[in-house]
Every structure is written in C-alpha cells, then in structure tokens.
Amino acid sequence: QVQLVESGGGLVQPGGSLRLSCAASGIVFSIYAMNWYRQAPGKQRELVAAITSGRSTNYAESVKGRFTISRDNALKTVYLQMNNLKPEDTAVYYCNAARVTSYWGQGTQVTVSS
C-alpha cells in the first residue's frame, strides 16, 4: 500500500518560513520523481516544485528564489523549504510521486497571514 504523508504546514506571517515534509512508503522512492503541488481556494492545482530521481529541480516562476525542494532517499522523504512566504502562497500543499503511476498525499494547509 502506497502512502505519502505530508507534514509541516501551518499559519505563518508574511516573510516567514515553513518546511514541508512528505514521507513515502510502499514505493521504491529513489526511482520516483517527487513533486509539490498546491491548490488555493477557487483555483486549479498547480505544480510548485519538482525533483527528479537524479535530483534535477524545477520551480514555478512564482516561487523561484524563495522555495527549495530536496529529497533524502534513505529516509524516503521529500522536503519543501519555503522562505519569504507571501499571502498568495496560501493553499493546500500536496506531495506527488510520479513515474508510470502517480500517487498523492492528503495535503497540508499553509496559511500566510498577519
């Protein structure tokens, strides 16, 4: 049974930081591309950051220079370090494991507000 469990979301003031984690089980983690998506109320889900099995990374323009994706294959965990958070970063953040089949976590809420 495949499970992706996100953690680390919460309420933070503008300019603050959060680190999201996604722990995977039931997959050969090292061969999967791992992605972070987000979905704000009334908006479509969008790709925020991606890291391949070879550790190449890609970011949405809106988060470049502020967010960093990384992975620890030994711990089967992918991270999203989010700095200088803005109110427009408020969303539910989802972890995704992608290869031939795609798997999703349940999401974690990030709220950026003063």
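I'll start with the disulfide: cysteine 22 is joined to cysteine 95 with an S to S distance of 2.1 Å, where a disulfide is taken as a pair of cysteine sulfur atoms within 2.5 Å. By this rule the count comes to one disulfide. Before going on, a caution on the model: it is a predicted one, in which local features need pLDDT of at least 70 and side-chain atom pairs count only at pLDDT 80 or more, while totals for chains, interfaces and linings use all residues. Residues are numbered from 1 along each chain as its sequence is written, and side-chain values use heavy atoms, with hydrogens and water left out.

Back to the disulfide. The torsion about the S-S bond of cysteine 22 and cysteine 95 is about -80°, so this disulfide is left-handed. Cysteine 22 sits in strand β3 and cysteine 95 in strand β9, so the pair ties together parts that are 73 residues apart in sequence. Strands here are DSSP runs of E, at least two residues, and helices are runs of H or I, at least four residues, numbered from the N terminus. Cysteine 22 is buried at 0% relative accessibility, and cysteine 95 is buried with a relative accessible area of 0%. Buried means under 20% relative accessible area, exposed means over 50%, and partly exposed is in between, with a 1.4 Å probe and protein chains only.

Next, the nonpolar core. Which residues of the largest nonpolar core touch the most other members? Of its 30 residues, they are Met34, Trp36, Val78, Leu80, Met82 and Tyr93. At least two residues of this core come from each of β3 (18-25), β4 (33-39), β5 (46-51), β7, β8 (77-82), β9 (91-98) and β11 (108-112). The definition of a nonpolar core is a set of buried Ala, Val, Leu, Ile, Met, Phe, Trp, Tyr and Cys residues joined through side-chain atoms within 4.5 Å. As general background, nonpolar side chains tend to be buried together in soluble globular proteins.

Take tyrosine 93 from that list. Not counting residues up to four places away in sequence, tyrosine 93 touches residues including Leu20, Trp36, Val48, Phe67, Leu80, Met82 and Val110. Contact means heavy atoms within 4.5 Å.

Now a polar pair. Asparagine 35 lies in strand β4 and is buried at 8% relative accessibility. Its side chain is joined to that of asparagine 96 by a polar contact of 2.8 Å. For a polar contact I require a pair of N or O atoms within 3.5 Å; within protein, one must be able to donate a hydrogen and the other to accept it, and residues adjacent in sequence count only if both atoms are side-chain atoms. Leaving aside neighbours within four places in sequence, asparagine 35 is also in contact with residues among them Leu47, Ala49, Tyr94 and Cys95.

On to charges. How many salt bridges does the structure hold? There are four, a salt bridge being a side-chain nitrogen of Lys or Arg within 4 Å of a carboxyl oxygen of Asp or Glu. Arg38, Glu46, Arg66 and Asp89 are linked in a network of salt bridges.

Glutamate 46 is partly exposed, with a relative accessible area of 33%, whereas arginine 38 is buried at 6% relative accessibility. Aspartate 89 meets arginine 38 in a salt bridge at 2.9 Å, N to O. Aspartate 89 lies in the loop between β8 and β9 and arginine 38 in strand β4, so this pair ties together parts that are 51 residues apart in sequence. Aspartate 89 and arginine 38 are both buried.

Arginine 66 is found in the loop between β6 (57-59) and β7 (67-72) and is buried at 9% relative accessibility. Its side chain makes a polar contact with the side chain of aspartate 89 at 2.7 Å. A polar atom of the arginine 66 side chain also lies 2.9 Å from the backbone oxygen of serine 62.

Elsewhere, glutamate 61 and lysine 64 meet in a salt bridge at 2.8 Å, N to O. Glutamate 61 is exposed at 63% relative accessibility, and lysine 64 is partly exposed at 44%.

Last, backbone angles. Most residues other than glycine have a negative phi. Arginine 55, in the loop between β5 and β6, has a positive phi of about 75°. Asparagine 84, in the loop between β8 and β9, has a positive phi near 45°.
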